[in-house]
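This report goes through one structure by topic. The sequence and the structure come next, and the description follows them.

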Amino acid sequence: MITKDIISILEDKIQLIRKGEKAIYLVGPIKLPVNLDGETVIFKWYCWLLCDEVTEDINRIIEKLSASNLAEMQQSSVLVYGDFEHSEEALIRMHSICHTGDIFGSKRCDCGFQLKESMRIIRDHGSGALFYLANHEGRGIGLFSKAMAYVLQENGLDTVEANIKLGFVDDARNYDDAIEVLKVLRSKPVSLITNNPRKLNALKNAGMNVSERMPIWGDVSEFNKKYLKTKIERSGHFVEMAQDEQPL
């Protein structure tokens, strides 16, 4: 049985977001000091979990979680900077997890660059949120499948072809849960940091007011030129790079 003092600490930090017959539990905000370019920047961190059971009983939620092996599951989260709820202009980034790029700094993609650059842009702007979507690895096919896709890419296939040859669609990512969390955190318009038209369309189709789109290109190298070219030519990503920077 969870003690009353623990319940009293947690109950104001857990929000229930109803999603049909399921529930999204949002925990936060939590103060998170982040090392960004050698400077400590204070973000507010939230994490969410989609569950089949809908309950506002905090004790029940905690007891159920402790009986589950959540370390074997992936949970997404969001880093919020500034007065995200009330500021007139706020930026958001829907960032898909990339184990190799975000953690190891792989140059096969531009994900690690986009992650850090988005955090810098949000900090410099003064208000924003970076959604870190943990079930999006490999455009939604998972880390092990992504590793197999990399093997195929080393044998001449591009990103899209590799996913399809493994039996997946080109892009299996879903933004529904993240959008539900966004609606709780902010009702005013947002500017979206992305090159991907599918992310923009997902927000607009969900009724979100997207006032602007901000491009995020950079870190083009010999290692990711084919990857970036595939994004543009086969996945329809918007192009704002100077001609001499384009991976063509």
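Asn-163 sits in helix α7. The model is predicted, and in it Asn-163 counts as buried because its relative accessibility is 3%, under the 20% cut-off for that class. Leaving out residues up to four places away in sequence, Asn-163 touches Gly-138, Arg-139, Ile-141, Ala-149, Phe-168, Val-169 and Asp-170.

Arg-139 also belongs to the lining of the largest pocket, where it is one of the residues nearest the centre, together with Cys-109, Thr-159, Tyr-227 and Lys-231. The volume of this pocket is about 590 Å³, and 38 residues line it. Helix α7 (159-165) is among the elements that each supply at least two lining residues; the others are β5, α4 (111-125), α5 (137-140), α6 (143-153), α9 and α10 (225-233). The largest share of the lining comes from α6, with 4 residues. The lining divides by class as follows.

| Class of lining residue, largest pocket | Number of residues |
|---|---|
| Nonpolar | 10 residues |
| Polar | 14 residues |

In soluble globular proteins, nonpolar side chains tend to be buried together. The largest nonpolar core here has 26 residues, and the members that touch the most others are Trp-48, Ile-92, Met-94, Phe-131 and Leu-203. At least two residues of this core come from each of the strands β2 (22-36), β3 (39-51), β4 (76-81), β5 (91-96), β6 (128-133) and β7 (190-193), and from each of the helices α8 (176-185) and α9 (197-205). Helix α8 gives the largest share, 5 residues.

Which residues does Ile-92 contact, leaving aside its neighbours within four places in sequence? They are Phe-84, Ala-129, Leu-182, Val-190, Ser-191, Leu-192, Ile-193 and Leu-203. Of these contacts, Ile-193 is listed in a second, separate core of 14 residues, which also includes Val-41, Phe-43 and Leu-130.

Strand β1 covers residues 14-19 and runs antiparallel to β2, with 6 bridges joining the two. Lys-19 has Lys-22 as its bridge partner in β2. The two strands form a hairpin with 2 residues between them. In the turn, Gly-20 has a positive phi of about 65 degrees.

Terms used
Residues are numbered from 1 along each chain as its sequence is written. This is a predicted model: local features need pLDDT of at least 70, side-chain atom pairs count only at pLDDT 80 or more; totals for chains, interfaces and linings use all residues. Side-chain values use heavy atoms; hydrogens and water are left out. A nonpolar core is a set of buried Ala, Val, Leu, Ile, Met, Phe, Trp, Tyr and Cys residues joined through side-chain atoms within 4.5 Å. Buried means under 20% relative accessible area, exposed over 50%, partly exposed in between (1.4 Å probe, protein chains only). Contact means heavy atoms within 4.5 Å. Two strands pair if DSSP finds at least two bridges between them. On a 1 Å grid over the protein atoms alone, a cavity is a set of points where a 1.4 Å probe fits but cannot get out, and a pocket is an open set with protein on both sides within 12 Å along at least five of seven lines; lining residues have an atom within 4 Å of a point. Grid points are joined across faces, edges and corners, and a volume is the space filled by probe spheres set on the points. Ala, Val, Leu, Ile, Met, Phe, Trp, Tyr, Cys and Pro count as nonpolar, Asp, Glu, Lys and Arg as charged, and the others, Gly among them, as polar.
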